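Below are some notes for a colleague who is meeting this structure for the first time. Please read them with the model open beside you.

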Amino acid sequence: MAGLVVLLLIIIAALLAPVIAPAHLLDVTTLLDNPRFAPPSGAHLLGTDHQGRELWVRMLWGARVSLLVGFAATVMSMLIGTILGICAGHFHGWVGGLVMRIIDFFLVLPSLILAIVLSAVLSRSVWTIVIAIGLTSWAGTARVVRSQTLSVSQRDYVERARVLGAGNWHIIVKHLFPAVIPLVLANTTLTVGSAIIAESTLSFLGLGDATQQSWGTILKNAMDVSAATSGYWWYVLIPGVAILVVVLAFTLVGRAVESIANSTMRSR
């Protein structure tokens, strides 16, 4: 519940960013008189950056991009992982073997390195980051879904449906898919946190869209001006803590959903 409350507050703040902090507050041409690197105070709640922009304004707008990438990349990852995982667990012979080899190939590849390559090759945009993360983070989900599919396939009602002449499509849609959904939902909440970290990493490395605000971009700007060694601690600490809190909140919610979906954990 604590994680859920934190997530709801952050999501509401991100959705209301245009109302709370209008976009013109990010226009550096209107902030010529604003002090640079002002520390947090009553006049500047979270301090200002190297261009005089209020850090709390950038954090609100950055939450929109970071959460958007986290949710969108997770949806893509879950769709790919669920489809391939069910196919690998349900189909036998060369079809199941081929799908399993594809999953193993993506499991062996370092996902961050592959995401960096994709982000560097494709045009710089938020959706490029989404595609890069979504296409490289589904293999773990596929393995989990495959294991669940193999277990469900041995149950009596699935065998009964197969004996009565049910086709592959009917078994997958009516029996296998509903059985793996709770596991997928639990894994989804955990994957969102990983996707947010991946987006922050790619943006920090300069592979994100420089025209969009994100928490990773703020950290990159802080590194570019040597904020950590120059005493501008708020410029580094605030976005770092924000990423930590959001990922922790998603992890707490994910563990709770997992304990609800998993009967063994619930009994403990």
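Is S226 buried, partly exposed or exposed? The second point below gives the answer.

1. Basis of the note. This is a predicted model, in which local features need pLDDT of at least 70 and side-chain atom pairs count only at pLDDT 80 or more, while totals for chains, interfaces and linings use all residues. Residues are numbered from 1 along each chain as its sequence is written, and side-chain values use heavy atoms, with hydrogens and water left out.

2. S226. With a relative accessible area of 34%, S226 is partly exposed, a class that lies between buried (under 20% relative accessible area) and exposed (over 50%), using a 1.4 Å probe and protein chains only. S226 sits in the loop between α10 (215–224) and α11 (227–230), and its phi is near 55 degrees, a positive value in a residue other than glycine. Most residues other than glycine have a negative phi.

3. F37. Another residue with positive phi is F37, where the angle is near 55 degrees. F37 belongs to the loop between α2 (17–20) and α3 (55–90), and it counts as buried because its relative accessibility is 19%.

4. The chain as a whole. The protein chain has 13 helices and zero strands, where helices (H or I, at least four residues) and strands (E, at least two) are DSSP runs numbered from the N terminus. Its C-alpha trace spans about 80 × 40 × 30 Å along the principal axes. Of its 268 residues, 42% count as buried. Among contacts with a separation of 6 or more, 70% join residues 24 or more positions apart, contact meaning heavy atoms within 4.5 Å.

5. Surface. The protein chain exposes about 13,600 Å², and carbon and sulfur atoms supply 70% of that area; the accessible areas come from the Shrake-Rupley method with a 1.4 Å probe.

6. Helices α5 and α6. Helix α5 (residues 111–121) packs against helix α6 (residues 126–134) at an angle of about 150 degrees, with the axes 9 Å apart; the axes are lines fitted to C-alpha atoms over the stretch in contact, and angles run from 0 to 180 degrees between N-to-C directions. The two helices are therefore roughly antiparallel, a term for angles over 145 degrees. The contact is made by A115, L118 and S119 of α5 together with T128, I129 and A132 of α6. By class, this contact has four nonpolar, two polar and no charged residues, with Ala, Leu and Ile among those that count as nonpolar.

Key
Parallel < 35°, antiparallel > 145°, perpendicular 65-115°, else oblique.
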